Structures are given as C-alpha cells and as structure tokens.
Amino acid sequence: MKKKDENISAMATPAVGEAGKTGDWRDMRPVHDPAKCIPCIKKKSACFLCWLYCPEGVIKATIPLEINLEYCKGCGICAEECPGKAIIMVNEEEKHG
Amino acid sequence: MKSIVENFDLFAPKLVDKEEYYSSGHRACQGCGEALAIRLMAKALGKDTVVTNATGCMEVTATPYPTTAWKLPWVHVAFPNSASVGAGVESALRVLRRKGKIADRYIKVVSIGGDGGSFDIGFQAISGAMERGHDMIYIVYDNEAYMNTGIQRSGATPFGASTTTAPAGKESVGNKNWKKNMAEIMVAHRVPYVATATHSHPIDFMNKVKKARKVNGPAFIHCLAVCPTGWRSSSETCIKLGRLAVETGVFPLYEVENGKYKFSPDNPPKLRPLEDYLKPQGRFRHLTPDQINIFRDMAMIEYNKVLERVKHSKSWSELK
C-alpha cells in the first residue's frame with residue numbers, strides 16, 4: 001500500500017492472487033503442444049482464443065504459449081475452445097505428458 | 001485438422017487490449033463466465049473508468065479485504081444501489097471537473113451488478129438512474145439465479161430451471177415463469193443504447209461495451225454469463241453453453257439504438273434444436289418432452305418478439 005487517503009477507512013489494494021495461489025484448486029492441468037498450436041506453426045501471432053477465453057487471464061499470448069500454473073484453476077476452457085486441439089488436460093497426478 | 005490450421009485467420013489480440021485490468025488469482029469458481037465477462041469488459045473500457053459494483057459473486061470473489069483483483073477504480077456498494085452510486089459518482093466527477101479540482105479528462109462511470117442485484121433488488125435504482133439520464137453504463141451479468149448465496153431463483157431464472165428455492169420434483173417443474181425482459185424495460189426508459197451480449201462472443205461483446213462508452217447518456221448492456229456451478233454443467237462447457245444459448249434462440253443478441261432494433265451478426269441464420277442447449281445442464285435434466293415444448297414456446301415468443309421489432313421498429317427521430 002503506497003499512499004493512504006485519510007478519507008477512506010477501508011481500501012483494498014490491487015494484487016495478483018488475492019485469493020492465494022489458486023493453482024491449488026486444480027485437478028486437471030493444461031498441457032500445451034506447440035506442434036498443433038496455430039500461432040506456433042504459423043510463427044506469427046494469430047488465433048490466441050485460449051488467451052481470449054481464459055476467465056483467469058493466466059495465459060500469455062506469446063509464442064510459445066505461456067500458462068501461469070500458479071493461478072490456473074484448471075477449468076479446461078482453453079482445451080475445449082482450442083481450434084487445433086493443441087491444449088489437452090492431463091490429470092495432476094500423472095507425469096507430465 | 002490441417003485445413004483448420006491453414007484457414008484460421010482470426011487474430012484475437014489485434015482487436016483486444018493486451019493489458020489485464022482484472023488480475024488473475026481471484027476467488028471465482030473454475031470456468032466462471034462472469035469473471036471472463038468482467039475481464040473482457042475491463043479490457044474494452046480501458047483506463048479512465050470508475051466501476052461501481054453491487055453485492056454479488058463478482059464483488060465477493062474480486063475483493064477479499066485488503067486486496068482486490070481490480071486494477072480500475074472500483075467501489076463496492078450494497079445490494080440495491082449500484083446504479084444510484086454510479087449516478088452519484090458521475091455527477092460528482094462532472095462538478096469537480098467543472099470547478100477545476102480534477103484534471104479535465106473524460107471519465108466513464110460503469111455500474112455493474114448480477115441479475116439479482118439488477119432484476120430484483122436493484123431494479124428501482126437502475127430505473128431511476130436511467131430515467132434521469134446520467135452519463136453512465138449499466139452492465140448486468142445475468143447468470144440466471146442468485147448464485148452467490150446458493151442458487152436461489154431470481155427474476156432472471158428461465159422456465160423449468162431447478163433452483164434451491166424452486167426445486168424440481170413430483171409436483172413442480174422448477175421455476176414456473178420465463179425471465180424478465182430487462183432490455184425491453186430499459187428501451188421503455190428511452191435509454192439511447194441498449195444491447196444484449198454474451199461472453200461467448202467476445203469481440204461482439206467488447207464492441208458493444210465500446211459503443212456504450214461513446215454514448216453521451218445512459219447505456220445498458222445485458223450480458224448472459226454462464227455459471228457452471230449453478231447451471232450444474234462441467235466447467236469447460238462455459239463458452240459452449242453461452243454460444244448454444246444464442247444458437248438455439250434462447251438468448252438472441254441484439255442492440256437497440258434510439259429505439260431502432262438491430263440484430264447482431266453473431267446470431268445464426270437457422271436455429272439449432274433446443275435440446276442441444278438443455279442437455280448439458282443439470283438444472284434442466286428433469287424436463288419431460290412436454291415441458292421442453294413449453295420451454296420452447298416461451299423462448300420462441302421472446303425470440304419472435306425481437307424479430308418483429310427488428311423488422312418494424314423505427315428510431316425515435318423517424319417518429320417525430
């Protein structure tokens with residue numbers, strides 16, 4: 001908290017992860033396959049529907065895709081909406097596939 | 001498979017602000033459609049916005065004191081008065097600007113609320129703010145029940161939905177009425193810009209928010225937000241259900257500019273069978289074919305009403 005306004009008694013400050021590390025909620029983990037990903041194949045920014053549809057905003061629209069697993073809740077929207085099926089959901093218990 | 005990759009030309013980030021105004025790590029459920037809608041709305045609004053938020057899911061999940069997910073100026077107010085606080089903020093900013101106490105730049109006030117805080121509890125506050133013609137946007141995130149407190153029916157719950165206060169059973173089909181047509185009520189308030197949108201059509205939704213921002217006067221957007229918890233569907237179907245609601249005609253997308261109805265281009269030319277929309281949702285699981293027919297009739301009345309208006313409505317300037 002940088003500056004406190006005297007007129008405000010209860011002020012919340014912006015923070016990433018205000019509910020803690022929400023990645024703990026996850027039981028399915030998104031795994032990205034660059035061989036099927038449209039921007040990775042075309043080598044230019046295109047598509048990025050996963051980034052647009054992520055309610056959490058944890059996907060970074062870069063090549064290759066970056067998913068912040070610290071806050072990803074594992075809802076599976078990115079895997080469902082990916083037109084090339086480049087993201088698959090794997091069980092947290094299993095080894096990285 | 002190959003053709004999808006080659007023919008895919010949609011480039012989402014080109015049209016959309018890359019800055020995140022609604023930070024990750026908030027407390028919304030997995031696959032929350034409302035959180036997505038808020039994130040898209042904040043991207044469309046950009047800086048120079050003040051948000052007032054009625055109590056509801058989006059207030060509870062975004063701000064456990066002392067931190068918040070909002071990177072825009074944001075006020076939490078009580079359940080009924082999001083619109084009236086928005087109206088007050090708008091008036092105060094106008095006066096402060098006139099007196100030279102704040103920098104002279106245009107700041108839009110956006111009031112948001114869930115369907116409970118807008119259709120039922122906050123209804124008179126919205127009615128008042130819209131009728132007085134404040135320069136603000138009201139956006140309602142309609143997830144079709146009071147999801148925050150545990151899925152109680154609201155004025156926005158559709159026919160046949162099983163909720164905790166309208167449970168389905170031997171004698172009951174769940175909720176008995178069709179949802180309130182809020183957009184039409186707002187048109188009756190002579191609001192210059194009214195639109196319906198879903199988060200499943202993000203570019204359409206963001207264009208509508210940007211258009212509402214440019215309106216000098218009140219604007220109202222009704223956004224259908226899928227709630228996987230309350231709709232009893234799996235979290236990854238969130239986007240799909242919003243799209244199906246539009247494709248089956250349950251939630252037509254349209255905008256009303258100065259009384260003239262216009263269909264949005266995302267509406268399908270031919271409607272899909274209603275069962276596609278009802279089947280993935282647990283809250284409609286108990287519906288028999290007869291009851292689905294009643295649902296279809298109710299939905300089609302609303303859909304055809306919009307079609308009629310698109311054909312025949314005239315803008316107010318033409319009616320002089």
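I am working with a predicted model.

**Entry 1: the interface**

I began with the contact between the two chains. On one side I found 50 residues of chain B, and they touch 42 residues of chain A. I then looked up the area buried between chain B and chain A, which is about 3600 Å². Carbon and sulfur atoms give 60% of that area.

Next I looked up the polar side of the interface. I counted 17 residue pairs in polar contact between chain B and chain A, with both residues at pLDDT 80 or more. I then asked which parts of chain B supply the side that touches chain A. Helices H1 (2–7), H2 (12–15), H3 (33–45), H4 (57–62), H9 (202–214) and H10 (238–247) each give at least two residues, and so does strand E2 (67–68). The largest share comes from H3(B), with 5 residues. By class, I noted 25 nonpolar, 13 polar and 12 charged residues on this side of chain B.

I also checked for salt bridges and found 2 between chain B and chain A. One of them joins Lys240(B) to Glu80(A). The closest N and O atoms of that pair are 3.6 Å apart.

**Entry 2: strands across the chains**

How do strand E1 of chain A and E2(B) run where bridges join them? They run parallel, and I counted 2 bridges. Strand E1 of chain A covers residues 13–14. Within this pairing, Pro14(A) stands opposite Thr68(B).

**Entry 3: Thr55(B)**

I moved on to Thr55(B). I located this residue in the loop between strand E1 (49–53) and H4 of chain B. Leaving out residues up to four places away in sequence, I found that Thr55(B) touches His76(B), Val77(B), Ala78(B) and Phe79(B).

Two of these neighbours make polar contacts with the threonine. The side chains of Thr55(B) and His76(B) meet in a polar contact of 3.1 Å. A polar atom of the Thr55(B) side chain also lies 3.3 Å from the backbone oxygen of Val77(B).

Thr55(B) and Phe295(B) are 240 residues apart along the chain, and 30 Å separates their C-alpha atoms.

**Entry 4: aromatic pairs**

My search of the whole structure gave 9 aromatic pairs over all chains. I looked up Phe79(B) with Tyr146(B). Their ring centres are 6.2 Å apart and their planes stand at 70°, so I logged the pair as edge-to-face. The pair links distant parts of the chain, with the two residues 67 apart. Phe79(B) sits in the loop between strand E3 (74–76) and helix H5 (82–98). Tyr146(B) sits in the loop between strand E5 (136–142) and helix H8 (182–188).

Technical notes. Residues are numbered from 1 along each chain as its sequence is written. Chains are lettered from A and ligands numbered from 1 in the order in which they are written. Side-chain values use heavy atoms; hydrogens and water are left out. Contact means heavy atoms within 4.5 Å. Buried area is the accessible area (1.4 Å probe) that two parts lose on being put together, summed over both. A salt bridge is a side-chain nitrogen of Lys or Arg within 4 Å of a carboxyl oxygen of Asp or Glu. A polar contact is a pair of N or O atoms within 3.5 Å; within protein, one must be able to donate a hydrogen and the other to accept it, and residues adjacent in sequence count only if both atoms are side-chain atoms. Helices (H or I, at least four residues) and strands (E, at least two) are DSSP runs, numbered from the N terminus. Ala, Val, Leu, Ile, Met, Phe, Trp, Tyr, Cys and Pro count as nonpolar, Asp, Glu, Lys and Arg as charged, and the others, Gly among them, as polar. Two strands pair if DSSP finds at least two bridges between them. Rings of Phe, Tyr and Trp (its six-membered ring) pair if their centres lie within 6.5 Å; planes under 30 degrees apart count as stacked, over 60 as edge-to-face and the rest as tilted.
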